[in-house]
Amino acid sequence: MIEIAERFLSIQGEGHLVGTPAYFIRLAKCNLRCPWCDTKYSWSPGERVEVRELALEALSKGVPLVVATGGEPLLQQEALAELEAELRSSGFEGIFQIETNATIYPKALEGRDVWLTLSPKVTCDYYVADTNLVRKIIENFEKVELKLVARASDIPCVKRFLKELGEVSVPKVLQPLSGEANYSKASRELVMKVLEDKELRRQFRVIPQIHKFLKID
Ligand code: SF4
């Protein structure tokens with residue numbers, strides 16, 4: 001069984017795989033309490049569904065990407081390992097992406113064909129980033145991206161994180177924080193900060209959440 005808050009068909013609106021048609025499975029519950037969280041409804045207990053049923057439902061959508069998001073999906077990593085196995089044994093050859101806050105090591109997923117999107121929290125008002133853990137995940141998993149959510153004013157904290165992490169060769173995305181009243185303006189400010197900074201502009205792509213602009217889920 002797996003406990004979920006919702007599931008829906010959309011396009012991936014953020015990160016390296018942006019624009020890809022995807023089936024989203026939002027897992028229930030989270031171990032963090034980010035003040036600017038835009039999915040607080042996922043913190044509550046959710047609906048319990050059979051993993052196989054969910055895998056078949058995802059497959060029936062015929063999309064190249066299945067996304068497990070949250071909440072914090074790695075709180076249910078054994079169920080995710082089961083889901084990956086069900087998807088693969090049912091013929092799914094696309095990407096199984098897991099979006100995590102990178103506070104829990106995904107032991108149950110070692111050796112599985114997954115794409116891990118690590119999103120440690122590095123804003124200055126809520127900094128929860130274990131760089132040793134992030135490095136360990138990057139070292140032990142083949143397909144990993146780093147996605148940092150920030151405002152222009154959070155750049156010093158983003159840089160602190162990068163300094164503590166050291167060089168890692170994974171795709172890196174900076175995503176403007178979506179809670180800002182004027183998202184276009186907040187995105188432009190972040191872009192300008194990145195362009196001003198040698199280290200950031202060498203390493204990062206800046207990708208706003210396109211589903212916010214499109215006004216879809
Ligand atoms: S980790 Fe994600 S789901 Fe959890 S509180 Fe933070 S933004 Fe919300």
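Q: Where is Ala102 found?
A: You can find Ala102 in the loop between strand 5 (95–100) and strand 6 (115–118). Keep in mind as you look around that this is a predicted model.

Q: Why is Ala102 called buried rather than exposed?
A: The relative accessible area of Ala102 is 1%. A residue counts as buried when that value is under 20%, so Ala102, at 1%, is buried.

Q: What makes the phi angle of Ala102 worth a look?
A: Phi of Ala102 is near 60°. That is a positive value in a residue other than glycine.

Q: Why does Lys29 count as partly exposed?
A: Its relative accessibility is 34%. Partly exposed covers what lies between the buried limit of 20% and the exposed limit of 50%, and 34% falls in that range, so Lys29 belongs there.

Q: What makes Pro45 exposed?
A: Pro45 lies in the loop between strand 2 and strand 3, and its relative accessibility is 64%. Exposed means over 50%, so Pro45, at 64%, qualifies.

Q: Which residues does Pro45 touch, leaving out those up to four places away in sequence?
A: Pro45 touches Glu3, Ala28 and Lys29.

Q: Why is Trp43 called partly exposed?
A: Trp43 is found in the loop between strand 2 and strand 3, and its relative accessible area is 23%. The buried label needs a value under 20% and the exposed label one over 50%, so 23% makes Trp43 partly exposed.

Q: Which residues does Trp43 touch, again leaving out those up to four places away in sequence?
A: The contacts of Trp43 are Lys29, Cys30, Leu32, Arg33, Cys34 and Cys37. The C-alpha atoms of Trp43 and Gly71 are 6.0 Å apart, although the two residues are 28 residues apart along the chain.

Q: What kind of peptide bond joins Gly70 and Gly71?
A: It is a cis peptide bond, with omega of about 10°. Gly71 lies in the loop between strand 4 (65–69) and helix 2.

Q: Which residues surround the ligand?
A: The ligand is surrounded by Cys30, Leu32, Arg33, Cys34, Cys37, Thr39, Trp43, Gly71, Asn101 and Lys121. By class, this shell has five nonpolar, three polar and two charged residues. The space that the ligand takes is the largest pocket.

Q: Where is Ala85 found, and where is Ser89?
A: Ala85 is in helix 2 (residues 77–89), and Ser89 is found in helix 2 as well.

Q: How far apart are the C-alpha atoms of Ala85 and Val51, and of Ser89 and Ala55?
A: For Ala85 and Val51 the separation is 9.9 Å, across 34 residues of the chain.

Q: Which members of the largest nonpolar core touch the most other members?
A: Of its 51 residues, they are Ile2, Leu80, Phe96, Ile98, Leu118 and Leu174. Leaving out residues up to four places away in sequence, Leu80 touches Ile2, Leu27, Ala68, Pro73, Leu74, Phe96, Ile98 and Leu109. Another core of eight residues lies apart from the largest one, and its members include Leu32, Trp36, Tyr126 and Val149.

Conventions: Residues are numbered from 1 along each chain as its sequence is written. This is a predicted model: local features need pLDDT of at least 70, side-chain atom pairs count only at pLDDT 80 or more; totals for chains, interfaces and linings use all residues. Side-chain values use heavy atoms; hydrogens and water are left out. A nonpolar core is a set of buried Ala, Val, Leu, Ile, Met, Phe, Trp, Tyr and Cys residues joined through side-chain atoms within 4.5 Å. Buried means under 20% relative accessible area, exposed over 50%, partly exposed in between (1.4 Å probe, protein chains only). Contact means heavy atoms within 4.5 Å. A residue is near a molecule or strand if one of its heavy atoms lies within 4 Å of it. On a 1 Å grid over the protein atoms alone, a cavity is a set of points where a 1.4 Å probe fits but cannot get out, and a pocket is an open set with protein on both sides within 12 Å along at least five of seven lines; lining residues have an atom within 4 Å of a point. A molecule sits in a cavity or pocket if more than half of its atoms lie within 2 Å of its grid points. Ala, Val, Leu, Ile, Met, Phe, Trp, Tyr, Cys and Pro count as nonpolar, Asp, Glu, Lys and Arg as charged, and the others, Gly among them, as polar. Helices (H or I, at least four residues) and strands (E, at least two) are DSSP runs, numbered from the N terminus.
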